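Dear colleague,

I am passing on a structure for you to look at, and below it I have set out what was found. Please keep it open beside this message as you read.

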Amino acid sequence: MTGSFYQQVDRGRFESTPLTAGPWSAESQHAGPPSALLVRALEQFEAEPEVRLARLSVDVLGPVPIAPLDIEVHRIRPGRSVELLEATASVDGRPALVARGWRMRRTPADFPTVGTHAGPPAPDVLERGAMMSYAYQDGYLSVVDFAFVSGSGDELGPTRAWGRSRADLIEGEAMTGWQHTVVVADSSSGVSMGSDPLTHPAINCDLVVSLHRDPGPGWVHLDTETIGSPEQGVLTDTRISDDHGSLGRCVQNLYGRRSG
């Protein structure tokens, strides 16, 4: 591991390290690490082994400064089998990200296998490729690796890539599969940019991830494409897998504009 994105200083307070810095500024965080911090809060809230996180939706309310984050969680919709939780990350009392998570009781052992579980085979050797080489490289991009199967982090268009974080989420604590997947998946719109970010940037304001099973450790595969239309909108659609097969899907809505 290479450092951590956060250091826990109190039960609900986390100091943000420089590794959280995103590609556009040394002063603002990439949304992946704080989204994963909210996943952690949702997973740990009155946790029960027979209940799992199934769906996560994160709304990014604005640029997230590299500053202490205060995390709060509460239950919106209680239930014995299905429940909805909400977690908020705040900076100086101002909400910066809000996440909602559906937690569901695990399927029974005799539940049938449904659908296609096969995912792309992982190459024997995964080598770090260039990722947005024109952007700020000393934060998130310095510790999150992307190995490209098709496309490139410096090209436009659909891309298939494996990603992993070499940094812990919190100092001294191993990430869960869900947390690690979210750290990587929030880069989907950067991995598969549909337009030139210097003339027509498109930045995601949310992240929605649905997984049918808990991810394993290791590399995460993104099969991703960004789609947009003039006078309409932009979104990134991603199939997520790991080396055990298909996991689920990720969607990001992007604000596309003309630079200048």
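Ile240 lies in strand S13 (residues 234-242), where strands (E, at least two residues) and helices (H or I, at least four) are DSSP runs numbered from the N terminus. Please bear in mind that this is a predicted model, in which local features need pLDDT of at least 70 and side-chain atom pairs count only at pLDDT 80 or more, while totals for chains, interfaces and linings use all residues. Residues are numbered from 1 along each chain as its sequence is written, and side-chain values use heavy atoms, with hydrogens and water left out.

With a relative accessible area of 0%, Ile240 is buried (under 20%; exposed is over 50% and partly exposed in between, with a 1.4 Å probe and protein chains only). Beyond its neighbours within four places in sequence, Ile240 has contacts (heavy atoms within 4.5 Å) that include Val209, Leu211 and Cys250. The C-alpha atoms of Ile240 and Val209, which are 31 residues apart along the chain, are separated by 9.1 Å.

Ile240 and Phe5 have the most contacts inside the largest nonpolar core, which has 52 residues; such a core is a set of buried Ala, Val, Leu, Ile, Met, Phe, Trp, Tyr and Cys residues joined through side-chain atoms within 4.5 Å. Helix H1 (residues 32-44) gives the most to this core, with six residues.

**Cysteines**

A search of the whole structure finds zero disulfides, a disulfide being a pair of cysteine sulfur atoms within 2.5 Å. For Cys205, the nearest cysteine sulfur is that of Cys250, 13 Å away. Cys205 is partly exposed at 38% relative accessibility, whereas Cys250 is buried at 0%.

Best wishes
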